[in-house]
Amino acid sequence: MKHKAEHSSTTKLLNYFLIGLIVFLGLVCLYLVSFLAPGSRRSDQEASGFLGSDPVIQTHDVDDFLQAQDLNPEAPRSIPICDLRFSELIPCLDRNLIYQLKLKLNLSLMEHYERHCPPPERRYNCLVPPPSGYKIPIRWPVSRDEVWKANIPHTHLAQEKSDQNWMVVNGDKINFPGGGTHFHDGADKYIIALAKMLKFSGDKLHNGGNIRNVLDVGCGVASFGAYLLPLNIIAMSLAPNDVHENQIQFALERGIPATLGVLATKRLPYPSRSFELVHCSRCRIDWLQRDGILLLELDRLLRPGGYFVYSSPEAYAHDLENRRIWNAMCNLLRRMCWRLVVKQDQTVIWAKPLTNSCYLKRERGTLPPLCSSDDDPDATWNVSMKACISPYSKKMHKEKGSGLVPWPQRLSAAPPRLDEIGVRREEFQEDTSIWHFRVTEYWKQMKSVIQKNSIRNVMDMNSNLGGFAAALSDKDVWVMNVAPVNAFARLKIIYDRGLIGTVHDWCEAFSTYPRTYDLLHAWTLFSDIDERGCGVEDLLIEMDRILRPDGFVIIRDKPSTINYIRKFLTALRWDGWDYDNVNSFVRPASQACESALLGASKPQLNRKFAVPGAWKLLSVALCDHYLICAEVKMGLQHI
């Protein structure tokens, strides 16, 4: 009897032990799930940081991050390849979608060339393939003058513009002689002519570094912007996805800064006072429509004293219709307080006023009116254009100009508009130093896999103050700085540094063709979109779409977010991970500790899409809890 009682007691203890163990293991699982979730927050300290900087990682997080690599949360096993007919898909500029959704758009206002994104149920959740015969793009600077015809198999422009020297088909390549509709003899000669018209020293359009940012409206294949680059002038070359098929795709394939966009009903996604010069050469725009609203949009974008260069028949033709347009345009610009600087041959140049003085002297009731004080001229995302003049701030009016120093000094000088976003000069300088350090470390990790001139088109997907782009100034690249919609106010600092960029909502597809960027940099971007309820998988598919084969990706985020993203790499056909080359280094303790995932992008896909991805982890560098993981595609043949 005693023996049975002892046996019964032992059984109860064992049951209690097992129940306790199950509860303990359940708590451990809950902890691990919360750690691995992409939107989780380990602590308030981890979510904080300098200027919204990278999250601070506790000492034990390094071990947690490395030990968690083999865990496998739910992720798709594969993502399908889109049909080959979608090789040039731009999801938010897809005219087929407009027809399918039966959107009622005003064609006369060019609404059909504006962004119209598919609803979630109609998204193409597949990987966009390259066209048949696709080759790795010709490297810069040779690419300025020639590209592979197979990469953009459209020769219509070469035939239509054969007398204007836009482009010439030459065997398996397309050549770009540097001509345009208004400058048949070459953009270089035309640029010199403009400098002479403005009487700039040495016939240099940069005017001693005072002209740096240019907007080229209706840019064609962007030869004007291409020939500004040697002058240290960077142009945002802008054109719609219209009947001049693939003109922006040609520009980006050449390695020239360019983007898809149109002057229609929405503000262009750039802050006020961004450009020293706007150029329109035979851009075929009706500037008088809707009370001059399109010219008023240019007025919003021009800096104090900025120039509008206009080359069009209205400036020189003598027939009645062109005379009528010219007189009406001059009348409108006079009421906008623009000054006619020079008119010569087929080109006219106006200048915007330096201060608000002229606006204040206009007769009461003069149109166009000044914008109301509650209008934010820097708010652009899905904001309709306004038929009013955006006056200067009191500070800009008092200083009689933008207050910017010439290029290249303005790249590192603290911009005058920093106080508008609540950033001190010391914070700006420290941010610049931090990003210089980070980019130096990126290149150390990537130097063994980067071929000469293999990186040209770069995108910083969350640009903050432009520190990443500024740190690349010594390399022969250009950077599209993207300010997410919740940080649009910071884009003005990008432009004030002499850089270019745009506002974008990363819950939607970007306005560019597939395969247009060599390097994508995503700093805390995935954490941000996860907090907004947008899909990590959708963003990864979009990054795959806009990235060139043999391109690179750098993802810098919380360890838990990076670990979560890694689970998608097999589905994206980005696989073959190894650990190798573990290094260590030291950096100042004042810099925030972070983790980063560097990687080569997608593999090339052959015609049958049979080539798998193969990535190799180059290094994990640890310094004061700082992680850098570098990857590169290995063993793939060029197609």
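Is Cys82 buried or exposed? At a relative accessibility of 3%, Cys82 counts as buried, where buried stands for under 20% relative accessible area, exposed for over 50%, and partly exposed for values in between (1.4 Å probe, protein chains only).

The model is predicted, with local features requiring pLDDT of at least 70 and side-chain atom pairs counted only at pLDDT 80 or more, while totals for chains, interfaces and linings use all residues. Residues are numbered from 1 along each chain as its sequence is written, and side-chain values use heavy atoms, with hydrogens and water left out.

**View A. The disulfide of Cys82 and Cys126.** The sulfur atoms of Cys82 and Cys126 lie 1.9 Å apart and form a disulfide, a term for a pair of cysteine sulfur atoms within 2.5 Å. Because the torsion about the S-S bond is about 95°, the disulfide of Cys82 and Cys126 is right-handed. Cys82 sits in the loop between helix H3 (59-67) and helix H4 (95-101), and Cys126 in the loop between H4 and strand E1 (146-148), so the pair ties together parts 44 residues apart in sequence. Helices (H or I, at least four residues) and strands (E, at least two) are DSSP runs, numbered from the N terminus. Cys126 is also buried, with a relative accessible area of 12%.

**View B. The disulfide of Cys280 and Cys283.** Cys280 is joined to Cys283 by a disulfide with an S to S distance of 1.7 Å. The link of Cys280 and Cys283 is left-handed, with -65° about the S-S bond. Both Cys280 and Cys283 are buried.

**View C. The disulfide of Cys371 and Cys388.** Here the sulfur atoms of Cys371 and Cys388 are 2.0 Å apart. The torsion about the S-S bond of Cys371 and Cys388 is about 90°, so this disulfide is right-handed. Cys371 and Cys388 both lie in the loop between helix H11 (357-361) and helix H12 (394-399), 17 residues apart. Cys371 is buried at a relative accessible area of 10%, and Cys388 is buried at 11%.

**View D. Phe308 in the largest nonpolar core.** The largest nonpolar core has 133 residues, and Phe308 is among those with the most contacts inside it, together with Leu205, Leu215, Trp287 and Met459. Such a core is a set of buried Ala, Val, Leu, Ile, Met, Phe, Trp, Tyr and Cys residues joined through side-chain atoms within 4.5 Å. Beyond its neighbours within four places in sequence, Phe308 is in contact (heavy atoms within 4.5 Å) with residues including Val278, Cys280, Trp287, Trp338 and Trp350.
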